[in-house]
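Hi there,

Here is the structure I promised to pass on.

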Amino acid sequence: MAFHKSNKIGLGKPRVVSAQKGQPTVIPAEIDLSVVTLAAGDILGMAPVPGGMELVDAMIDMDQVDSGGTPTWEFEAGFVNSEQDDLIGGYELMATSTSGRSAGGAVVRCDSSGGLRGGASPGERLVGIKVTRAPATQAAGGKIRMTVTCVPT
(Lines give C-alpha, C1' and ligand atoms only; values in the text may rest on other atoms or scores of the structure.)
Protein backbone atom coordinates (compact mmCIF):
# COMPACT_ATOMS: atom_id res chain seq x y z
CA MET A 1 0.00 0.00 0.00
CA ALA A 2 1.31 3.42 -0.94
CA PHE A 3 -0.03 6.94 -0.64
CA HIS A 4 0.30 9.08 -3.77
CA LYS A 5 -0.47 12.78 -3.55
CA SER A 6 -1.93 14.74 -6.44
CA ASN A 7 0.79 16.59 -8.32
CA LYS A 8 -1.47 19.45 -9.43
CA ILE A 9 -3.88 20.36 -6.63
CA GLY A 10 -5.63 23.59 -7.53
CA LEU A 11 -3.64 24.11 -10.76
CA GLY A 12 -2.25 27.45 -9.59
CA LYS A 13 -5.47 28.72 -8.02
CA PRO A 14 -5.29 30.59 -4.69
CA ARG A 15 -5.88 28.61 -1.48
CA VAL A 16 -9.56 28.21 -0.72
CA VAL A 17 -10.83 29.63 2.56
CA SER A 18 -14.22 29.24 4.22
CA ALA A 19 -14.70 33.02 4.40
CA GLN A 20 -15.99 32.92 0.83
CA LYS A 21 -19.58 32.56 2.12
CA GLY A 22 -22.10 31.35 -0.42
CA GLN A 23 -19.55 30.95 -3.22
CA PRO A 24 -19.12 27.46 -4.65
CA THR A 25 -15.47 26.54 -5.00
CA VAL A 26 -14.09 24.04 -7.50
CA ILE A 27 -10.85 22.27 -6.57
CA PRO A 28 -9.16 20.29 -9.38
CA ALA A 29 -6.47 17.68 -8.77
CA GLU A 30 -4.51 15.27 -10.92
CA ILE A 31 -2.34 12.13 -10.73
CA ASP A 32 0.10 11.55 -13.58
CA LEU A 33 0.20 7.81 -14.33
CA SER A 34 3.57 8.08 -16.04
CA VAL A 35 5.20 8.61 -12.61
CA VAL A 36 2.97 6.35 -10.43
CA THR A 37 2.62 2.57 -10.52
CA LEU A 38 -0.74 1.58 -9.05
CA ALA A 39 -1.10 -1.38 -6.68
CA ALA A 40 -4.09 -2.77 -4.80
CA GLY A 41 -4.65 -0.82 -1.59
CA ASP A 42 -2.94 2.36 -2.83
CA ILE A 43 -4.55 5.65 -1.88
CA LEU A 44 -4.49 8.56 -4.32
CA GLY A 45 -4.75 11.74 -2.24
CA MET A 46 -6.56 14.08 -4.56
CA ALA A 47 -8.33 17.24 -3.38
CA PRO A 48 -8.37 18.88 0.05
CA VAL A 49 -11.73 20.21 1.24
CA PRO A 50 -10.90 23.13 3.56
CA GLY A 51 -12.32 23.41 7.06
CA GLY A 52 -15.72 25.10 7.13
CA MET A 53 -16.52 23.89 3.60
CA GLU A 54 -19.12 21.26 2.72
CA LEU A 55 -18.59 18.92 -0.23
CA VAL A 56 -21.46 19.06 -2.74
CA ASP A 57 -20.10 17.13 -5.75
CA ALA A 58 -17.17 15.06 -6.99
CA MET A 59 -16.19 13.97 -10.50
CA ILE A 60 -13.34 11.84 -11.83
CA ASP A 61 -12.12 12.19 -15.42
CA MET A 62 -9.55 9.55 -16.30
CA ASP A 63 -7.62 8.36 -19.29
CA GLN A 64 -7.38 4.60 -19.83
CA VAL A 65 -5.80 3.11 -16.73
CA ASP A 66 -5.77 -0.63 -17.56
CA SER A 67 -4.77 -1.62 -21.08
CA GLY A 68 -4.52 -5.36 -20.41
CA GLY A 69 -6.38 -7.92 -22.52
CA THR A 70 -8.26 -8.93 -19.37
CA PRO A 71 -8.41 -5.70 -17.32
CA THR A 72 -8.74 -5.90 -13.54
CA TRP A 73 -8.62 -2.20 -12.49
CA GLU A 74 -11.19 -1.18 -9.84
CA PHE A 75 -11.39 1.80 -7.50
CA GLU A 76 -13.64 3.65 -5.08
CA ALA A 77 -13.58 7.23 -3.83
CA GLY A 78 -14.33 9.06 -0.60
CA PHE A 79 -12.71 10.86 2.33
CA VAL A 80 -9.22 9.63 3.28
CA ASN A 81 -8.62 8.68 6.93
CA SER A 82 -6.03 10.47 9.09
CA GLU A 83 -3.46 7.67 8.63
CA GLN A 84 -3.85 8.06 4.84
CA ASP A 85 -4.10 4.28 4.42
CA ASP A 86 -7.83 3.85 3.73
CA LEU A 87 -11.10 5.65 3.07
CA ILE A 88 -13.42 6.52 5.95
CA GLY A 89 -16.37 4.11 6.06
CA GLY A 90 -19.77 5.73 5.64
CA TYR A 91 -18.37 8.72 3.71
CA GLU A 92 -18.15 7.14 0.26
CA LEU A 93 -18.50 9.29 -2.86
CA MET A 94 -18.15 6.62 -5.54
CA ALA A 95 -18.87 2.94 -5.09
CA THR A 96 -16.48 0.37 -6.51
CA SER A 97 -16.06 1.18 -10.21
CA THR A 98 -14.30 -0.42 -13.16
CA SER A 99 -14.30 2.79 -15.20
CA GLY A 100 -10.99 3.46 -16.93
CA ARG A 101 -10.65 0.02 -18.49
CA SER A 102 -11.57 1.17 -22.01
CA ALA A 103 -9.37 3.01 -24.50
CA GLY A 104 -11.46 6.17 -24.34
CA GLY A 105 -11.09 6.57 -20.59
CA ALA A 106 -14.09 7.54 -18.48
CA VAL A 107 -15.93 10.20 -16.53
CA VAL A 108 -17.42 9.12 -13.20
CA ARG A 109 -19.73 11.29 -11.08
CA CYS A 110 -20.48 11.01 -7.39
CA ASP A 111 -22.89 8.07 -7.03
CA SER A 112 -23.14 7.71 -3.25
CA SER A 113 -24.59 10.17 -0.76
CA GLY A 114 -22.41 9.22 2.25
CA GLY A 115 -19.66 11.77 1.64
CA LEU A 116 -22.12 14.48 0.68
CA ARG A 117 -24.02 14.11 3.94
CA GLY A 118 -20.98 14.54 6.16
CA GLY A 119 -21.41 18.30 6.48
CA ALA A 120 -18.58 20.72 7.07
CA SER A 121 -15.61 19.90 9.24
CA PRO A 122 -13.60 22.35 11.36
CA GLY A 123 -10.40 21.08 9.73
CA GLU A 124 -9.28 20.17 6.24
CA ARG A 125 -10.35 16.77 4.87
CA LEU A 126 -8.79 15.01 1.91
CA VAL A 127 -10.87 13.40 -0.83
CA GLY A 128 -9.14 10.46 -2.43
CA ILE A 129 -9.31 7.36 -4.56
CA LYS A 130 -8.57 3.86 -3.25
CA VAL A 131 -7.27 1.27 -5.70
CA THR A 132 -9.29 -1.84 -4.85
CA ARG A 133 -7.81 -3.94 -7.72
CA ALA A 134 -4.60 -2.98 -9.51
CA PRO A 135 -4.52 -2.73 -13.31
CA ALA A 136 -3.52 -5.98 -15.04
CA THR A 137 -1.41 -3.84 -17.39
CA GLN A 138 -1.17 -0.19 -16.38
CA ALA A 139 -1.55 2.02 -19.44
CA ALA A 140 1.58 4.01 -20.29
CA GLY A 141 1.01 7.63 -19.40
CA GLY A 142 -2.38 9.18 -18.98
CA LYS A 143 -3.89 10.95 -16.02
CA ILE A 144 -6.53 10.55 -13.35
CA ARG A 145 -8.18 13.90 -12.63
CA MET A 146 -10.64 14.71 -9.87
CA THR A 147 -12.72 17.84 -9.47
CA VAL A 148 -14.56 18.49 -6.21
CA THR A 149 -17.06 21.26 -5.62
CA CYS A 150 -17.62 22.57 -2.12
CA VAL A 151 -19.44 25.49 -0.48
CA PRO A 152 -18.83 27.37 2.77
CA THR A 153 -21.32 26.72 5.52
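Q84 is partly exposed, with a relative accessible area of 33%; on this scale buried is under 20%, exposed is over 50% and partly exposed lies in between, using a 1.4 Å probe and protein chains only. Before I go on, please bear in mind that this is a predicted model, where local features need pLDDT of at least 70, side-chain atom pairs count only at pLDDT 80 or more, and totals for chains, interfaces and linings use all residues. Residues are numbered from 1 along each chain as its sequence is written, and side-chain values use heavy atoms, with hydrogens and water left out.

Back to Q84: this residue is not a glycine, yet its phi is positive, at about 60 degrees. You will find Q84 in the loop between β5 (74–80) and β6 (87–97). Strands here are DSSP runs of E with at least two residues, numbered from the N terminus. β5 and β6 form a hairpin, with six residues between the two strands. They run antiparallel and are joined by four bridges; two strands count as paired if DSSP finds at least two bridges between them.

Strands of a sheet pair through backbone hydrogen bonds, either parallel or antiparallel. Four strands make an open sheet here in the order β2-β9-β4-β7, and the pairing is antiparallel. At the edges are β2 (25–32) and β7 (106–109), each of which pairs on one side only. On average, neighbouring strands of this sheet are turned by 20 degrees against each other, direction ignored; the strand axes are lines fitted to C-alpha atoms, and angles between N-to-C directions run from 0 to 180 degrees. Within the sheet, β4 (residues 53–62) and β9 (residues 143–152) are joined by nine bridges and run antiparallel. There, E54 stands opposite V151 in β9.

Finally, how many disulfides are there? The count is zero, taking a disulfide as a pair of cysteine sulfur atoms within 2.5 Å. For C110 the closest cysteine sulfur belongs to C150 and is 13 Å away, so the two are too far apart for a bond. C150 is likewise in no disulfide, with the sulfur of C110 as its nearest. Are these cysteines buried or exposed? C110 counts as buried at 18% relative accessibility, and C150 is buried too, with a relative accessible area of 0%.

Best wishes
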